[in-house]
Amino acid sequence: MLKFLLCLLCVNQAFAKEIFTDEYIKQVASLRDMALTDSTAYEITESLTTEVGARLGGSEGDAKAVKWAVAKFQELGFDKVYTQPVTFNKWVRGVETAEIISPFSHEIKITALGGSNSTANEGITGEIIHFNSLQELKDADPSLVKGKITFISDKMERTKDGSGYGKVNGGRYYAGTITAEKGGIGAIIRSIGTDNNRDPHTGGMKSVDVNKETGEMRFLNEKEVVPTGAISNPDADLLVNVIKRGKPVVFKYTLGSHWDGEYTSQNVIGEIIGREKPDEVVVIGGHLDSWDLGTGAIDDASGCAITMATAKLIKDAGIQPYRTIRVVLWANEEYGLSGAREYAKVHKNNMDHHIIGAESDFGAGSIYAIESNVAEYSLPAVAKMAELLKPLGIGYGGNNGSSGADISPLKAAGMATFKLAQDGTKYFDLHHTADDTMDKIVPEEIAQNVAAWIVFVALAAEYQGDFGFNLNTNK
Ligand SMILES: [Zn+2]
């Protein structure tokens, strides 16, 4: 067995030698090393967070960000820059207040979850019913929930790969609808975050219903979803301590957030045109929108910047790869995945020209692993990438990789994908909060990201085979 594996490795390596010239590999390796001290991505992140700042889908900041992105792609020397209209229902935030009224009074910081309806001016006042998890709320007898405000208090666990997020974010998504289903009048959750700051974390919640057959979208009514907000970790601890006293706890909160008509934003796209196959593309990018609480530095100015800098440095090195490098800055990821869905719809008839894709949307922490999701026959190309990434301390995590949210509609439509996994140990201290600001970006770490992305993009765009198509449709 070992012999067989070793042999396979030999064949892979022999083949890998043929698919990229030694000269090209040397050029990419030296560009990778140069990128480690290059400040382009740091500067792009600084530019977007300073000159635009918060850019919630549909806001004034959104429109400014689109203009900024077009100008920035041009300034960076991209061959082609264009936009693609994306229309979505616009959500706006309003007033946000909360307090524990009795048995002990405390002011509490609250933030509406994306998609939440307004509580109206008088707010919602009611007795708290406490659940340790979404599952507990799901299992609860409706008679206990009726007329009350639900509170889910489980805490996100800190992990390098961010896996703690998936374990608790169902509470954020479903608290409002399950509470409504059981006759509750309101819902609050402990923020999905790992920090101990008194800033709550926002994030999307279920507020629309999509008809599976027709694709038609409908807003849930007040009988189907209650206004839902998140409170910070310290305030959630405080509320738990108050609840522990065993007396009824009365809570009041006001949210002015609501849906506010339609808005048309843009995906902003920059390309380095391929020399042989200009119609074939390697799709990379990040999302241009951010939540409104911070300036969206780690989510996701840094992802936009890392991928823009990657393509720019490849072009500046005099490389015109075999196929096109397409950088897409996606519109309104945060509460709609709107840009990604629209892109997939527009390109549904030329999906097979999308050779491989990846997104940077997990902050600016160093990359420690890569994962692929490609046809077995293209693994020699991936092996070559892995070889060039080893000196950066990056390992290969296998061929069953996940990918970013904006890439998911393209993956579902058949595209092969790649993941450059970032160290997310600190990511959820900041994610979706007012603390997501430029000072958190470490220049050396964001530069390491670009160095790694250069290896993936330069090799994927030069590779003259393909990475397979429709790999996931049977999974
Ligand atoms: Zn993001």
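Helix α4 (residues 60–75) has 16 residues, which at 1.5 Å a residue should span 22 Å, and the 23 Å between its end C-alpha atoms agrees with that; the expected span is 1.5 Å times one less than the number of residues. Helices here are DSSP runs of H or I with at least four residues, strands are E runs of at least two, and both are numbered from the N terminus. The model is a predicted one, with local features needing pLDDT of at least 70 and side-chain atom pairs counting only at pLDDT 80 or more, while totals for chains, interfaces and linings use all residues. Residues are numbered from 1 along each chain as its sequence is written, and side-chain values use heavy atoms, leaving out hydrogens and water.

Among the buried residues of α4 are Trp68 and Phe73 (buried: under 20% relative accessible area, 1.4 Å probe, protein chains only). The buried set packs against α3, β1, β12, α9 and β14, with contact taken as heavy atoms within 4.5 Å.

His287 sits in strand β13 and Asp361 in the loop between β15 and β16, so the pair ties together parts 74 residues apart in sequence. Both His287 and Asp361 are buried.

Strand β18 (residues 417–422) is largely enclosed by the rest of the structure, because five of its six residues are buried.

Methods: Buried < 20%, exposed > 50% of the residue type's maximum accessible area, 1.4 Å probe, protein only.
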